[in-house]
Amino acid sequence: MKPGSLLARHVAPVPTSRRWLVPMAWFILLLMLSAGMGQLEWLFRLVEPDVREVIYRRAGFFALLGQHVMVVGVASLLAVLLGVGGAIAVTRPAGRDFLPLVSQLASIGQTFPPVAVLALAVPALGFGTLPIVVALLLYGLLPIVRNTLAGIDGIDPDVHEAARGMGMTAGEVLRQVELPLAAPVIIAGIRTSVTVNIATAALGATVGASNLGDPIIAGIVNGNTAYIVQGALLIGLLAITVDSVFERLQPASQA
Amino acid sequence: MIELFDVTKRFGSEVAVDGISLRVETGELCALVGTSGCGKSTTLSMINRLIEHDGGEIHLDGQPVRSFDEVALRRRIGYVIQSTGLFPHWTVARNIGLVPRLLKWPKGRVRERVEELMQLLGLPVAEFADKYPRQLSGGQAQRVGVARALAADPDILLMDEPFGALDPITRETLQHELRELQARLHKTIVFVTHDMDEALALADRLVVMHQGRIVQQGKPIALLHDPVNPFVESLLGGMDRGLKEAALIQVGERMLPLGPRLLASERIAYGASLSQALSVMLWHQVDRLTVVDEEDIPIGELSLRRLLGAKAS
Ligand SMILES: Nc1ncnc2c1ncn2[C@@H]1O[C@H](COP(=O)(O)OP(=O)(O)O)[C@@H](O)[C@H]1O
Ligand SMILES: [Mg+2]
């Protein structure tokens, strides 16, 4: 038990409107910067005084942001469904045989660089958005699987025995006991997965998926630091926004 | 009524329970005692099918447990374990109401039942209903555990070392409360413990297990008098058996009416045990005590001679 969690229950909850103030602030900053990057031309001039164009204009930042969010969103949604579902499956009696295999794969997979996943996905799936979605899905699966396994595994076996002994069905144990008790750990896994994938998605630009990675790649190719900063800034803001949303979603640990 | 006929359980090559036959009458409290690992918990868990037996038969009121749906079976059997197994993310009230909710009782009836049980177990509703298990002491948590097991008013209660993790004073209080509860509710209880004093204090029937088998069973006093072998004898306390038996007999059963003599200066309660009476005599170096009732009014006397002589009967 975290020392603060006992107290946290009795402190009056922060009103919803105030609770979401921080993520809102980051989100608004993200939108403003996407819309008004052009206004900061003078600033980027300081970075790159010699190039002809200092603001990336091949595509609108809004569109790039939208595509970025889309790719990460789709990949993460699939990763959550597959990851949580898979981890649940291998912790059921019928799937127990696969538990060692899956938990080993999940920890080995973490050491595999995302670029390598992408390099393997392209020959199989061609250029475009699909390989990056697949790469993000595979890479994002790992923390989710690992944390879901840890969360379910971390439940006191006596709580589990009592649940069964009281006459709960397997489904009732899962929904009313295992998932709620594992939720903080599972959400932490999803949080890691999504935030890492927001950064990793930028690699998609190298395989022809257009997103916030485009300005970065273009900047590297053309030696234009201003482009790189613009892409990186928006990716960073997006990651911070999403992370601060998760921070507020995360319930206090029960165990 | 619970009956076990030649029940066996193996874990791999190890035989955990080896041909046990046992009959627990309705309303009886049967204590399973024995050293750790002798198969007590396994025996208990086979009754509600948390563990399936591989040989023999287990019957509830004449019906094999395998003939019931296992979930339905467990909902009609109360189950209490040492570590309580309370759900940490649920309040006390919600924990207690678990089985009635699983049985789809109407909300109002669940709430009434929960409050009734909290009162029965000495847990003031206003103070405890909204607490979480981690905010409870060990004794309070186990009271909640017992309340949860009783919630749907099962006929049968299985208790696996329910008071084993409590300090001696709390343990004795809860033993006492369980006895009073049992006097009112007449459940059929199988109670696992490795604490012989607890078993002697609570059991109508005592079952001594060793290495997966029953070595002896019967009324506690009968076992104290006639242990079948040195193992049972030492488990029952060896040389302390005299005191353990004396602990089972109330002063009231042995006292004589007040005689013409002066009242003895030291007093003992009517409901105290002979071992407590003996202790008072030893302490004050007297051989006669005045027996008093709940209001401390003298109602009889107990002499050392009477205390000792009675034992032979
Ligand atoms: N799930 C299990 N798997 C394998 N062996 C078990 C299992 N449960 C109990 N045993 C073994 O069965 C024997 C009896 O255990 P148990 O019934 O828990 O004993 P007790 O409750 O009397 O201490 C022990 O040797 C124990 O190691
Ligand atoms: Mg045990």
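Over all chains, the count comes to four aromatic pairs, where rings of Phe, Tyr and Trp (its six-membered ring) pair if their centres lie within 6.5 Å, and planes under 30 degrees apart count as stacked, over 60 as edge-to-face and the rest as tilted. The model is predicted, so local features need pLDDT of at least 70 and side-chain atom pairs count only at pLDDT 80 or more, whereas totals for chains, interfaces and linings use all residues. Residues are numbered from 1 along each chain as its sequence is written, chains are lettered from A in the order in which they are written, and side-chain values use heavy atoms, with hydrogens and water left out.

One of these pairs joins A:Tyr56 and A:Tyr227 edge-to-face, with 5.3 Å centre to centre and 85° between the planes. A:Tyr56 lies in the loop between helix 4 (41–47) and helix 5 (61–90) of chain A and A:Tyr227 in helix 12 (residues 225–249) of chain A, so the pair ties together parts that are 171 residues apart in sequence; helices are DSSP runs of H or I with at least four residues, numbered from the N terminus. A:Tyr56 is buried at a relative accessible area of 5%, and A:Tyr227 is buried at 8%, buried meaning under 20% relative accessible area with a 1.4 Å probe and protein chains only.

In chain B, the charged end of B:Arg101 sits over the ring of B:Trp90, 5.2 Å from its centre (CZ of Arg within 6 Å of the ring centre and within 35 degrees of the ring normal).

Note on methods
Helix = DSSP H or I, 4+ residues; strand = E, 2+ residues; numbered from the N terminus. Buried < 20%, exposed > 50% of the residue type's maximum accessible area, 1.4 Å probe, protein only.
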